[in-house]
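Try each task before you peek at the solution.

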Amino acid sequence: MKLIAHIDLNAFFVQVEELKDPSLKTKFVAVGGNSSRSVVCSANYLARKRGVHSGMSIKKAKELCPGIVILDGHYGLYSEYSHRFFDYLRKIFNRIMQTSIDECYIDITDFTDKEHARDFLRDLQIDLFKDTDLKCSIGCGPNKFLAKMGSDYQKPMGLTMIFKEDVERILWPIPIGDMYGIGKKTAPTLISLGVKTIGDLANTLDTKVMKILGSMFLYHKQHAMGEGNDELNYEHFDPKSVSAARTFLEDTSDEEELSNMIIKLSKQVSKELIKYKKTSKCVVVTFRTADFVTNSKRKQFDTYENDAAKIASRALQIFETYYKYEPLRLIGVGVSDVINTFDATEQMNIYMIKKEEKSAVKEEQRKETSDGGYENRFHILDDEDI
């Protein structure tokens with residue numbers, strides 16, 4: 001039997017904000033943009049007790065929790081603390097499975113046994129806090145599902161072990177809406193059919209439930225029985241797409257304001273690509289109108305880029321092609337089908353060989369038009385505040 005641990009930093013964004021400003025620790029706090037049009041990205045546990053949660057509108061959060069402090073967020077700082085977290089773990093464990101900026105799975109089978117796993121993980125939790133100032137919750141079990149459910153079971157600074165003999169006692173009473181893998185839209189339907197807890201799902205053979213979950217019924221039922229995959233993917237966190245978006249305080253059709261925001265968002269996307277040594281030639285611009293209609297337009301370009309100015313020039317080309325001059329509440333910039341920069345270099349070598357076969361005159365013309373002529377229209381400063 002393997003021992004799989006799942007480590008999850010507690011309310012990560014807010015936790016970093018509290019380290020930056022300790023006075024926030026006694027207040028209701030959420031990160032997500034100080035606008036009634038924004039949504040909560042993260043809330044501290046004081047606010048969560050009032051019902052505030054991720055994805056909730058800021059307006060609703062303020063109704064539930066009067067006086068809550070709303071912060072725009074310092075995403076560069078979050079990235080720095082995330083690196084501290086993973087750098088610390090990698091000093092101890094040769095391989096970890098990073099699943100996001102603030103959580104990962106680790107196979108600890110070779111480091112301890114079932115009898116001593118709790119003490120081992122408690123020491124790890126305390127040492128991690130001493131070294132990085134970051135609090136985390138840890139779950140441990142024979143597979144990834146039970147480890148994940150364990151890390152969610154007690155927060156903050158929780159440590160929960162869930163093995164086969166613990167499934168009926170710990171796992172089954174958990175509300176079905178809190179089961180990892182069950183979506184927020186699916187949970188109410190299951191509840192209406194009498195599946196209110198994970199235990200209910202484990203014990204049901206209701207054909208209506210089977211129909212709702214479809215091909216995923218057996219998958220979720222196995223999880224509810226405490227079974228699951230214990231294989232970890234040790235590739236580095238590998239984003240397939242990178243995007244950034246901004247909701248405006250008021251709907252706007254001001255082309256200069258929209259263009260400037262595209263430039264700022266492009267720099268944010270560029271930073272993420274460079275951090276993960278990625279690049280892309282597919283740029284996506286997202287438009288959301290005042291009535292919440294969202295459209296995304298994408299274009300494939302000839303060359304791979306992760307430079308902020310290049311991404312912005314391409315995004316601006318898409319913007320000017322598809323923008324319908326109507327007020328927007330949100331605009332976004334992203335790239336998809338990203339690849340490693342090394343792989344892009346190899347592809348470019350082949351591309352350059354083919355390009356040299358073209359005439360010099362045609363090549364010069366292609367250079368002048370490939371990015372829509374935007375390249376000399378603006379300059380992005382390294383210290384630009386986004």
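**Exercise 1: a pocket and its lining**

Bear in mind that this model is predicted. The second largest pocket holds about 330 Å³ of space.

*Task.* Work out which residues and helices line the second largest pocket, and how the lining divides into nonpolar, polar and charged residues.

*Solution.* 
1. Start at the centre: the lining has 14 residues, and Q15, E18, K25, Y45 and K135 lie nearest the centre of the pocket.
2. The most comes from α1, with four residues.
3. Now sort the lining by type: seven residues are nonpolar, three are polar and four are charged.

**Exercise 2: the nonpolar cores**

*Task.* Find which residues of the largest nonpolar core touch the most other members, then trace what L121 is in contact with beyond its neighbours in sequence.

*Solution.* 
1. The largest nonpolar core has 34 residues, and those touching the most other members are I7, F12, F85, L89, I106, I108 and L121.
2. Elements giving two or more residues to this core include the strands β1 (4-9), β2 (29-31) and β6 (103-107), along with the helices α4 (75-92) and α5 (117-132). The top contributor is α4, with six residues.
3. Zoom in on L121: once neighbours within four places in sequence are set aside, L121 is in contact with A5, I108, I138, C140, L159 and M161.
4. Finally, look elsewhere: another core of 26 residues lies apart from this one, and V242, F248, V285 and I311 are among its members.

Notes
Residues are numbered from 1 along each chain as its sequence is written. This is a predicted model: local features need pLDDT of at least 70, side-chain atom pairs count only at pLDDT 80 or more; totals for chains, interfaces and linings use all residues. Side-chain values use heavy atoms; hydrogens and water are left out. On a 1 Å grid over the protein atoms alone, a cavity is a set of points where a 1.4 Å probe fits but cannot get out, and a pocket is an open set with protein on both sides within 12 Å along at least five of seven lines; lining residues have an atom within 4 Å of a point. Grid points are joined across faces, edges and corners, and a volume is the space filled by probe spheres set on the points. Ala, Val, Leu, Ile, Met, Phe, Trp, Tyr, Cys and Pro count as nonpolar, Asp, Glu, Lys and Arg as charged, and the others, Gly among them, as polar. A nonpolar core is a set of buried Ala, Val, Leu, Ile, Met, Phe, Trp, Tyr and Cys residues joined through side-chain atoms within 4.5 Å. Buried means under 20% relative accessible area, exposed over 50%, partly exposed in between (1.4 Å probe, protein chains only). Contact means heavy atoms within 4.5 Å.
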